[in-house]
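Here is a short briefing on one protein chain. Look through the sequence and the structure first, then read the points below.

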Amino acid sequence: MIWDLFQFCEFMLLTGIDHVQVAAPKGCEQQAREFYAHLLGMEEIEKPEALRSRGGCWFRVGSQQLHVGVEQDFRPARKAHPAFAVKDIDKLAATLDNAGIRCTWDDGVPGARRFHAHDPWGNRLEFTGQVSA
């Protein structure tokens with residue numbers, strides 16, 4: 001059974017992650033732009049016309065996208081989270097701290113410097129940087 005699954009996986013055509021979505025409450029768009037675009041520096045990209053009525057907004061981060069989607073009975077994700085690679089993790093931590101956003105450092109992964117923070121609605125986010133040699 002496991003061998004059959006392995007053989008199937010050899011033919012899968014997955015090449016990466018296109019986008020990750022975080023949920024937010026109705027009316028979140030301005031806060032999303034302020035946090036993800038202005039504070040974190042992501043580029044907002046236009047949602048397709050057919051999806052605009054659903055609310056939310058989309059951002060580009062590297063070659064992937066982050067979608068902020070409206071969820072009617074919204075509850076923030078406290079455990080599940082996207083992790084963002086960062087060029088200068090200390091500068092980002094200082095930027096978030098200056099904006100009043102708490103950064104919780106975590107040394108649980110050898111060889112990585114990382115911290116967790118929360119978006120305006122309480123969703124957990126991880127930011128990772130490389131350890132200096």
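The model is predicted.

**Overall dimensions and surface**
- The C-alpha trace of the protein chain spans about 50 × 50 × 25 Å along its principal axes.
- The accessible surface of the protein chain is about 9300 Å², and carbon and sulfur atoms account for 53% of that surface.
- The protein chain has 133 residues, of which 35% are buried.

**Contacts along the sequence**
- Consider the contacts in the protein chain between residues at least 6 apart in sequence: 53% of these join residues at least 24 apart.

**Charges**
- The protein chain carries 15 positive and 18 negative side chains.
- The centres of these two sets lie 4 Å apart.

- Glu29 belongs to helix H2, which covers residues 29-39.
- Glu29 is buried, yet it has no salt bridge.
- Which side chain of opposite charge is nearest to Glu29? It is that of Arg33, 5.8 Å away.
- Setting aside neighbours within four places in sequence, Glu29 is in contact with Gly55, Gly56, Cys57 and Val70.

Terms used:
Residues numbered from 1 in each chain as written. Predicted model: local features only at pLDDT ≥ 70, side-chain atom pairs only at ≥ 80, totals over all residues. Heavy atoms only, no water. Helix = DSSP H or I, 4+ residues; strand = E, 2+ residues; numbered from the N terminus. Buried < 20%, exposed > 50% of the residue type's maximum accessible area, 1.4 Å probe, protein only. Lys, Arg positive; Asp, Glu negative; His and termini not counted. Salt bridge = Lys/Arg side-chain N within 4 Å of Asp/Glu carboxyl O. Contact = heavy atoms within 4.5 Å. Areas by Shrake-Rupley, 256 points an atom, 1.4 Å probe, with all protein chains shown as cover. Charge placed at Lys NZ, Arg CZ, Asp CG, Glu CD.
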